[in-house]
Every structure is written in structure tokens, then in C-alpha cells.
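Take a look at the model below.

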Amino acid sequence: MPHPVTDDPEYDLAVIGAGPAGLAGAVAAAELGLSVALLDASSQPGGQFYRHPAPALGATRPEALHHDWATFTALRRRLADSTATLLAGHHVWTVVRAEARDLWDVHAVTGADGDRDRPVRVRARAVLLATGAYERHLPFPGWTVPGVVGAGGAQAMLKSGLVLPGLRASPAGARPGAGARVVVAGSGPLLLAVAATLAAAGARVPAVVEASGYLGYARHPRTLAANPHKVAEAARHGAALLRHGVRLRTRSAVTRVHGSDRVEAVTVSRLDRDWRPVRGSGRRIACDALAVGFGLVPQLDLATGLGCATRRARDGSHLLDLDAQQETSVPGIWAAGETGGIGGVELALTEGELAGRAIAARLGGRAAAGGSGRGRALRRRRARMRAFAAVMAAVHAPGAGWSRWLDDTTDVCRCEEVGAGRIREAATAFGARDARTVKLLTRAGMGWCQGRMCGTAVACLAAEGREQGPPPAPERRPLAVPVRLDALAALTGTAASDPGEPEEHAAGEDSTGG
Ligand SMILES: Cc1cc2nc3c(=O)[nH]c(=O)nc-3n(C[C@H](O)[C@H](O)[C@H](O)COP(=O)(O)OP(=O)(O)OC[C@H]3O[C@@H](n4cnc5c(N)ncnc54)[C@H](O)[C@@H]3O)c2cc1C
């Protein structure tokens, strides 16, 4: 029997995502008088940055792994003191326009998995998408060996589960995974934060392997000068790595993992400017685990399902195209945080507050929030940090030569076990030119993760050797998270209408000029 859909009361604003951006947006809007529902798939608020252990783990100092815990506790207190309703454990799978009135229906299922799943519909006059980002992965031989984890994933394991990757049976009383050797690799500033946190928690980090260099930042002295907190953060991580004796290798990548049942070692190769491995440069490093990630990609499934316009970042990823008030191209749908570009926690907090204030002004029939002193200060801060985010995306943009790390047998789609050779064949022999066509021919991207692990790699391989043309628009998937059939069946008679034609007018353009 399908569970009936539970209708929550109608709200002024539904905020999807309780990370820094969503929390800041929900609190700002609620304090300005809006009724707010804040939905998040996780069982507790905080998102990626403020991820913390579940109470059942009994952590006595959850703040120990954070350097900005006070901001989070202040936000959490303001949320609790406000009228906003936190709907934790709500996985939103679609947002559609409600029939008849100027409202949005947010559809979610509750519970982790299985029997407890219950369909819920939240109605609201406006929606703020604060769904964050996920890690960009690039495959290489051995990346599916147990012990290879995402760099952000390693951070998440530690922050929420208090465990380190490379876990071996620990002596009684020892911290799980303490003493394990973890190589941290990929590209982007997150690697430094991850390595510093792992080392502080007791892992040994033989090396941080960065595919780009850091000199690209030096070409933008004014942007650096305008963002001293970012420079200070990098210096803090650098000092921590020095203290723990961690070696930093730039313009290098892990091009092979050794071991079959578990990671035993990695090969690190030097890269040329296009990220092609330099022949004969491979060096083997013994380790128990590899934490690897190539930056972050905005989580846009709900937004593209609604037809929100996107643009391209300098690293090739799709971002939401937002106006000065954080509104998307679909009136009534707003966005904040990593959905509009990868820029870090301070930018997410700033955009969240700006969006919350702008929505309160719009629904209250007042002029846009940017006119007030606080609004102007927030907009100046946003401009400063967005400039830094653009530099960061350019410095760490994946070079086209990364695909030289692959051999034809390397699984690119690990859910469906589709190798690089089959994807290249789909492109060269059958004319596939984008990830969607490759998926139809090979099943790559059709598995449980819905292309989140392999999407970037499949799109790059499909485009290899193609004449330069406009890059394909981001994929539209009608379901943002897995939904059971009985949840869909329960919608009969509710307002789950078709979202209409997409408005992805700007896909392929970079309105930042890159
Ligand atoms: C794995 C990972 C680890 C990271 N670790 C760090 C770190 O250690 N240090 C650092 O400076 N930065 C880290 N970042 C970057 C970090 O994401 C940002 O700096 C900051 O958290 C962005 O805030 P946000 O609110 O935009 O998104 P997030 O913090 O990512 O919050 C988004 C929230 O939306 C929820 N959500 C998404 N989709 C749905 C849906 N369909 N239904 C319901 N809820 C949904 C998620 O559960 C999440 O709580 C990490 C990123 C990732 C992906």
C-alpha cells in the first residue's frame, strides 16, 4: 500500500539545504517575519562545512575539527529561537509549480532508506535552493580499490563518524584509523584543509599531491589583497602541514593505485601544463589509503529540473545564473551558496543572508534588500569573494590531458562498470558527443550515483577530439534523489505537474567572461 502524502502547512519560504547558505537564508527570512520550512536530507543541520558527529557517538568536543564553530552555534541558536521549522531527514526529489495558485510544491521522502520512507509535500510561496556541491572525481587505474576515498569524503568520515580512511584493526582504545598512511591528492584548496585535519586527527600524510600549481594566484594580487582571510587560511593550513612533516608536490597526480583488496601504494607522476603525465616521472609512495578529489561541482538537479538558467564557470562546471538578489531565471526560485559557484563557507553565509533578506522584501512588497546598509555591505563582501572564487576555479581547472592517465580497461562508471575503452568507442564508432548519448549506448551514468561520480569524466571523454562547439547543457534529471515507486504512486491526485520547458538559455556561455 502506498503511504499517503503528508501535507505540511503552507509556508512563505521553503529552503532546501541546511548548510551554511540555507541556514543563513532561513534565519534571515524568519527573523524578518516569514514563515519558513528548512528541509535537509541529513539528520542534523550544518551541511558539509559544519558536519559533526551524531549525538549517539557521544563526542565531547564536536568543535575540535572546526575552526569556525562559533558561527554555526550562533546560527543554530537563532534558528531555534525563530519560528522556522527544521525538517531534517527530508530528501527533496522535485520542486514543481502548484496548480491554481502562485505557490511551489516541494516533494520529499523521509527516512534514510527502506520502510520508513514517507512522501511529504511542503507548499511555499518562494523556494531557496541551497543544495551545495559534490566532489569532482577523475578516474585513473586503481581508483576503485578499497581504501580510495574522496578528499571531501575523508573529511566527512572524520567530521561525522570520527574515523580515518585506511582503517586497519586498531589496538583496543586506539582512535580508529590512527597511524594509517593517507596520501591526499587531486586539485583545489580543499586538499590542504583535508590533509591538515587528517594529520591533526592522527593519520600520517606522506604527501599532498596537487595537479595544478599555486603560482596562478600570484597573478591576481588585487583579488588576494581583497581577501586576506583566504590568504590567512592557506597560511594556517601550510603551517599545519609543515608541523606534521607533510610534503607538498605540485604539478603532479596519482596516476595508479597498487593493491587489489586494499591500497598498498600509489604512483605519483609529474604533469605538464595540460595535466599529461611526464614519461618516466612516476614515483611509488607506500600508503594505506588515498583521499582524492578534483574540486567541487554545484548540485543543480532540482534547479535544472525547474528550468533555471545556468552558465559555465572557468573550470567548465555549470553554475546557476543568478541576479543581484540571488534570484534564478525562474521567478520565485532563489539560490545561494555553492549552487551559484564554488566559493567556500563565508561566501555561502553571505549569499544565504542576502537571499533571505531579498525574499522577505519581495514577499513583503518592499523594495529589494540591497538598499540598506547591511544589504550593501553583504553585496560588497559577495563581490569580493566571488572574484576570489573565479580565480580559484581558473587556477584549479582540470587540464585536458588528465584522460592520458586512463587505459581502456579503467572503469569510468563504477556503478555500471563501464570502462574508458567502451566510452571512447561510443564516441568514435557510434558518434556519441555528450554524456547523455554515451549513457544511452553504454549505461555509463545510469547507476545508483546517477552520474555524480563519472559525469565529468564521461562528458570529457565524449568530447575528446570533437570540434569546438558550444558545450552541452547540464543534464536534466526529473528525480534529484532515488524515490520508491510507492512514493510516486501516492502522488496521484496531488499537484505534481510537469515543470514545463527548460530555460537553460545561457548554457555554454560564461557570463564572467571566462
Ligand atoms: C564532501 C565535501 C566536504 C567538504 N569539506 C569542506 C571542508 O572541510 N572545509 C571547507 O572549507 N569546505 C568544505 N567543503 C566545501 C563546502 O561545501 C562549502 O564551503 C560550504 O559548506 C558550502 O555551503 P552550502 O550551504 O552552499 O552547501 P553545503 O554545506 O553542501 O549544504 C548543502 C545541504 O543541502 C542538502 N541537500 C542537497 N540536496 C538535497 C536534497 N535534494 N534534499 C534535501 N537536502 C539536500 C545537503 O544535505 C546539505 O546539508 C566540502 C564540500 C564537500 C562536497
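H1 and H2 are oblique to each other, a word used for angles that are not under 35 degrees (roughly parallel), over 145 (roughly antiparallel) or 65 to 115 (roughly perpendicular). Before going on, note that this is a predicted model: local features need pLDDT of at least 70, side-chain atom pairs count only at pLDDT 80 or more, and totals for chains, interfaces and linings use all residues. Residues are numbered from 1 along each chain as its sequence is written.

Now find the ligand. Around the ligand sit 39 residues, and Gly19, Gly47, Gly132, Gly152 and Gly337 come nearest. Here, a residue is near if its C-beta atom, placed from the backbone, lies within 6 Å of the molecule. Several elements give two or more residues to this shell, among them helix H1 (20-31), strand E3 (36-40), helix H3 (151-161) and helix H9 (345-363). Helices (H or I, at least four residues) and strands (E, at least two) are DSSP runs, numbered from the N terminus. H3 gives the largest share, four residues.

What classes of residue make up the shell around the ligand? There are 20 nonpolar, 16 polar and three charged residues. Ala, Val, Leu, Ile, Met, Phe, Trp, Tyr, Cys and Pro count as nonpolar; Asp, Glu, Lys and Arg count as charged; the others, Gly among them, count as polar.

Why does the ligand lie between domain 1 (6-134 + 297-393) and domain 2 (139-293)? Both domains give residues to the shell around the ligand, so it lies between them. The domain bounds come from an automatic or database domain assignment.

Return to H1 and its partner, helix H2 (residues 69-81). Their axes come within 9 Å and cross at roughly 40 degrees. Axes are lines fitted to C-alpha atoms, for helices over the stretch in contact, and angles run from 0 to 180 degrees between N-to-C directions. Leu23, Ala24, Ala26 and Val27 of H1 make the contact with Leu75, Arg78 and Leu79 of H2. Residues are in contact if their C-beta atoms, placed from the backbone, lie within 7 Å. This contact has six nonpolar, no polar and one charged residues.

Next come H9 and helix H10 (residues 373-395). Their axes come within 9 Å and cross at roughly 140 degrees. H9 and H10 are therefore oblique to each other. Among the H9 residues that meet H10 are Glu346, Glu351 and Arg357. The contact divides into five nonpolar, two polar and eight charged residues.

Last, see helix H11 (residues 420-428) and helix H12 (residues 435-442). They pack at an angle of about 110 degrees, with their axes 10 Å apart. That makes H11 roughly perpendicular to H12. Arg422, Ile423, Ala426 and Ala427 in H11 meet Val438, Leu441 and Thr442 in H12.

Notes. Contact = placed C-beta atoms within 7 Å.
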